[in-house]
Amino acid sequence: MKNLIVIFLAMVAALILVRSVVSGKAEMERFQKRETLVAEATECLESGEWNCAEKAVRELLCDAPHDTNLQMHLAIILYEQERYEECRKYIASLGFKNHDLEMLDTKVASLIREMAELGIERSMHFRVEFEGDLPKRDIMEALAVLEVAYDSLCRLFDFHPENKMHLVLYESAQYQGVGPRPEWVGAVYDGKLRIPVNVMQYREIYRPMFFHELTHAFVRAMAWNKVPLWINEGIAQVIDASRTGMPRPEGGVPDLGALTEPFVNENNTSNAVRLYWYSQRMVEQILRRDANFVHFREFLQSLRHGEADESLQKFYGVTAAQLLDEVR
Ligand SMILES: [Zn+2]
């Protein structure tokens with residue numbers, strides 16, 4: 001993903017360079033239109049909004065049908081949308097081959113095979129990857145529970161994510177994504193929902209866990225990447241309800257900076273517990289002002305385009321510092 005974005009940013013820079021040597025009004029307009037499309041594509045790719053990315057890249061391709069960079073992006077977008085057969089056909093139709101395309105084609109082929117072997121129907125709202133040799137019963141049960149949780153969140157926020165959610169099911173002793181993670185992290189949302197299927201034996205654990213991680217996925221679909229961590233963790237805990245009403249943890253009040261940074265970097269368990277506790281309390285304070293989750297969703301969507309405090313003022317008449325003050 002990172003590479004994609006770098007390539008797009010490089011394209012933007014190249015366009016700006018070209019622009020400075022372009023003369024003539026019609027040509028200028030053409031370049032401006034292209035620049036706008038590249039900026040749009042970059043933003044959609046960065047946010048994992050594949051439908052809008054596809055639209056922008058296809059439009060760019062109309063203008064430059066043989067641009068291999070754009071073709072490569074379109075193949076990746078099809079893969080990300082789980083349109084595997086279409087993706088393979090598209091790759092086969094291209095007049096060139098390179099290492100990245102071949103890797104992608106191999107990956108897509110193995111995903112198609114894996115789903116067929118496991119006899120798993122494509123899930124309604126999740127695109128699923130497996131890590132390890134997982135029992136089919138656990139996979140099916142995890143998917144069924146996730147679909148139910150998905151529906152409840154759609155209703156709660158009156159919001160239907162445009163893209164499928166990327167789900168990785170793994171055995172908990174295994175690799176859980178990028179880098180080592182502190183032991184208190186069971187499931188993770190890092191753009192993909194990473195769920196250990198071993199938990200399927202423990203209903204009291206997996207229900208709140210799925211609701212929690214799924215809330216993060218919804219928050220991302222609503223606010224893209226623009227949400228402070230305390231809001232993200234706060235609302236996920238309000239919804240999973242597993243820590244509601246816990247007594248205030250020992251130790252001092254964390255500062256706003258620590259509440260805004262990603263918590264997974266926190267290796268000290270008691271610090272992490274404090275950050276989670278204050279996040280939940282601050283979000284509860286917001287919801288005390290207005291308990292409507294549709295209003296909360298509109299607030300989250302406003303974060304895409306502005307500063308958090310500005311949105312907090314507009315939707316709830318309060319700032320983050322005031323909320324922290326109220327719960328200290
Ligand atoms: Zn979380």
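**Entry 1. Helix α4, span and burial**

I began with helix α4, whose 13 residues should span 18 Å at 1.5 Å a residue; the end C-alpha atoms lie 18 Å apart, so the two values agree. I note here that the model is a predicted one. I then looked up how far α4 is covered, and found 11 of its 13 residues buried. The buried set consists of L70, Q71, M72, H73, L74, A75, I76, I77, L78, Y79 and E80.

**Entry 2**

Two packed helices are described by the angle between their axes and the distance between the axes.

I took α3 to begin with. Helix α3, residues 50-63, packs on α4 at about 155°, and the axes are 10 Å apart. That angle makes α3 roughly antiparallel to α4, since angles over 145 degrees are counted in that class. I noted a left-handed crossing for α3 and α4. On the α3 side the contact draws on W50, A53, E54, V57, R58, L60 and L61, and on the α4 side on L70, H73, L74, I77 and E80. Sorted by class, the contact of α3 with α4 holds 8 nonpolar, 1 polar and 3 charged residues.

I turned next to α5. The angle between α4 and α5 is about 165°, with 8 Å between their axes. The pair is therefore roughly antiparallel. The crossing of α4 and α5 is again noted as left-handed. L74, A75, L78 and Y79 of α4 meet E86, C87, Y90 and I91 of α5. I counted 7 nonpolar residues, no polar ones and 1 charged in the contact of α4 with α5.

Helix α4 (residues 68-80) and helix α6 (residues 99-118) pack at about 15°, their axes 11 Å apart. Hence α4 and α6 are roughly parallel to each other, as angles under 35 degrees are so classed. α4 passes α6 in a left-handed crossing. From α4, the residues M72, A75, I76 and Y79 meet D100, L101, L104 and V108 of α6. By class, the residues of the contact of α4 with α6 are 7 nonpolar, no polar and 1 charged.

**Entry 3. Positive phi angles**

Most residues other than glycine have a negative phi.

Which residue just after α4 takes a positive phi? I found E82 there, at about 70°. E82 is a residue other than glycine, and its place is in the loop between α4 and α5 (84-93). Is E82 buried or exposed? E82 counts as buried because 20 C-beta neighbours fall inside 10 Å, and 20 or more are required.

I noted D158 as well: its phi is positive, about 50°, although D158 is not a glycine. D158 sits in the loop between α7 (136-157) and β2 (165-170). With 11 C-beta neighbours inside 10 Å, D158 counts as exposed, since the limit for that class is 12 or fewer.

**Entry 4. Helix α2**

I checked the span of helix α2 in turn. α2 covers residues 25-47, which is 23 residues, and reaches 33 Å from first C-alpha to last, close to the 33 Å expected at 1.5 Å a residue. I listed V38, A41, C44 and L45 as the buried residues of α2. Just after α2, I found G48 with a positive phi of about 70°.

**Entry 5. F126 in strand β1**

I placed F126 in strand β1, residues 126-131. F126 has 21 other C-beta atoms within 10 Å and is therefore buried. Leaving aside residues up to four places away in sequence, I found F126 touching L143, L146, K164, M165 and L167. I also looked up the pair F126 and V168, which are 42 residues apart in sequence and lie 9.6 Å apart from C-alpha to C-alpha.

**Entry 6. The chain as a whole**

I closed with the totals. The secondary structure comes to 14 helices and 4 strands. Of the 328 residues in the chain, 29% are buried. Among contacts between residues at least 6 apart in sequence, I recorded 63% as joining residues at least 24 apart.

Conventions:
Residues numbered from 1 in each chain as written. Predicted model: local features only at pLDDT ≥ 70, side-chain atom pairs only at ≥ 80, totals over all residues. Helix = DSSP H or I, 4+ residues; strand = E, 2+ residues; numbered from the N terminus. Contact = placed C-beta atoms within 7 Å. Expected span 1.5 Å × (residues − 1). Axes fitted to C-alpha atoms, helices over the stretch in contact; angles between N-to-C directions. Parallel < 35°, antiparallel > 145°, perpendicular 65-115°, else oblique. Left-handed = near helix turned anticlockwise from the far one by under 90°. Nonpolar A, V, L, I, M, F, W, Y, C, P; charged D, E, K, R; others polar.
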